[in-house]
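Biologist: I have a new chain to look at. Can you walk me through what the computed features say?

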Amino acid sequence: MKKLFLAAMLGLAGTGAALADPVEGIWKTQVDDGAYAHVTMSTCGDSLCGVISRTFNDSGEYASDNIGKKLVWDMKSQGRGSYKKGKIWQPSTDKIYSSKMSLKGDVLKVSGCIGPICKKQTWNRIK
């Protein structure tokens, strides 16, 4: 009985990793206004969000006031590496854009629009 219980618990423990969204992890943003960030993507309720976990500039890593702030939120997986209906904040302009993302392997294409004005970045997976 103990072996059966242990086997069941190990099976359940493995399902959490199997259910993780492929976009979860740490991503390096492109340089914007001389700086870039590492963004930790994870689930937030029934959506995905990304929090600034580290920041860098020409001198290397630095302690930005933006560390710990949400950069991406309300992002919904559409399946097959497509994400829509999210929001993204651009720290250099303090603007919030409607956003979508596209994942292929370790490359995440991120775009955001305010009306007809859109911006794009390519992020690379750190881990």
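Modeller: Start with a term. A pocket is an open set of grid points with protein on both sides within 12 Å along at least five of seven lines, and lining residues have an atom within 4 Å of a point. Keep in mind that this is a predicted model.

Biologist: Which residues lie nearest the centre of the largest pocket?

Modeller: The lining of the largest pocket holds 26 residues. The space inside is about 510 Å³. Nearest its centre lie Asp32, Trp89, Gln90, Pro91 and Gln121.

Biologist: Which strand gives the most to that lining?

Modeller: Several elements give two or more residues to the lining of the largest pocket: strand 2 (36-44), strand 3 (47-57), strand 6 (82-90), strand 8 (107-114) and strand 9 (117-125). The biggest share, 4 residues, comes from strand 9.

Biologist: How many residues of the lining are nonpolar, and how many are polar or charged?

Modeller: Sort the lining by class. Tyr, Trp, Cys and Pro are among the residues that count as nonpolar, while Asp, Glu, Lys and Arg count as charged. The lining of the largest pocket then has 4 charged, 10 polar and 12 nonpolar residues.

Biologist: What pattern does the chain follow along the sequence?

Modeller: Count the elements. The chain has 1 helix and 9 strands. Read along the sequence, the pattern is α-β-β-β-β-β-β-β-β-β.

Biologist: What share of the residues counts as buried?

Modeller: A residue is buried when its relative accessible area is under 20%. The chain has 127 residues. The buried share is 31%.

Biologist: What pattern do the disulfides follow?

Modeller: The structure holds 2 disulfides. One joins cysteine 44 and cysteine 49. The other joins cysteine 113 and cysteine 118. With bonded cysteines counted along the chain, the pattern is 1-2, 3-4.

Biologist: How far apart are the sulfur atoms of cysteine 44 and cysteine 49?

Modeller: A disulfide needs sulfur atoms within 2.5 Å. Cysteine 44 and cysteine 49 form one, and their sulfur atoms are apart by 1.7 Å.

Biologist: Is the link of cysteine 113 and cysteine 118 right-handed or left-handed?

Modeller: The sulfur atoms of cysteine 113 and cysteine 118 are 2.0 Å apart. Cysteine 113 is partly exposed at 27%, and cysteine 118 is partly exposed at 43%. The angle about the S-S bond is 110°, and the link is right-handed.

Biologist: Which residues form the aromatic pair, and how are they arranged?

Modeller: The structure holds 1 aromatic pair. Tyrosine 36 and phenylalanine 56 form that pair, with 4.9 Å centre to centre and 10° between the planes. Planes under 30 degrees apart count as stacked. So tyrosine 36 and phenylalanine 56 are stacked.

Biologist: How many residues apart are tyrosine 36 and phenylalanine 56?

Modeller: Tyrosine 36 is in strand 2, and phenylalanine 56 is in strand 3. The pair links distant parts of the chain, with a separation of 20 residues.

Biologist: Is phenylalanine 56 buried or exposed?

Modeller: Tyrosine 36 is partly exposed, at 22%. For phenylalanine 56 the relative accessible area is 9%. The cut-off for buried is under 20%. Phenylalanine 56 is therefore buried.

Biologist: Which residue lies over the face of tyrosine 36?

Modeller: A charge sits over a ring if NZ of Lys or CZ of Arg is within 6 Å of the ring centre and within 35 degrees of the ring normal. Here the distance from the ring centre of tyrosine 36 is 4.7 Å, and the residue is lysine 28.

Biologist: What is phi of aspartate 74?

Modeller: Most residues other than glycine have a negative phi. Aspartate 74 lies in strand 5 (residues 70-79) and is partly exposed at 42%. Its phi is positive, near 60°.

Biologist: Where is arginine 80?

Modeller: Phi of arginine 80 is also positive, near 55°. Arginine 80 is exposed, with a relative accessible area of 90%. Its place is the loop between strand 5 and strand 6.

Biologist: How far apart in space are glycine 68 and arginine 54?

Modeller: Glycine 68 is in the loop between strand 4 (60-62) and strand 5, and is exposed at 52%. Glycine 68 and arginine 54 are 14 residues apart in sequence. In space, C-alpha to C-alpha, the distance is 8.5 Å.

Note on methods:
Residues numbered from 1 in each chain as written. Predicted model: local features only at pLDDT ≥ 70, side-chain atom pairs only at ≥ 80, totals over all residues. Heavy atoms only, no water. 1 Å grid on protein atoms, 1.4 Å probe; cavity = no way out; pocket = protein on both sides within 12 Å on 5 of 7 lines; lining within 4 Å. Points joined across faces, edges and corners; volume = space filled by probe spheres on them. Buried < 20%, exposed > 50% of the residue type's maximum accessible area, 1.4 Å probe, protein only. Phe/Tyr/Trp six-rings, centres within 6.5 Å; stacked < 30°, edge-to-face > 60°.
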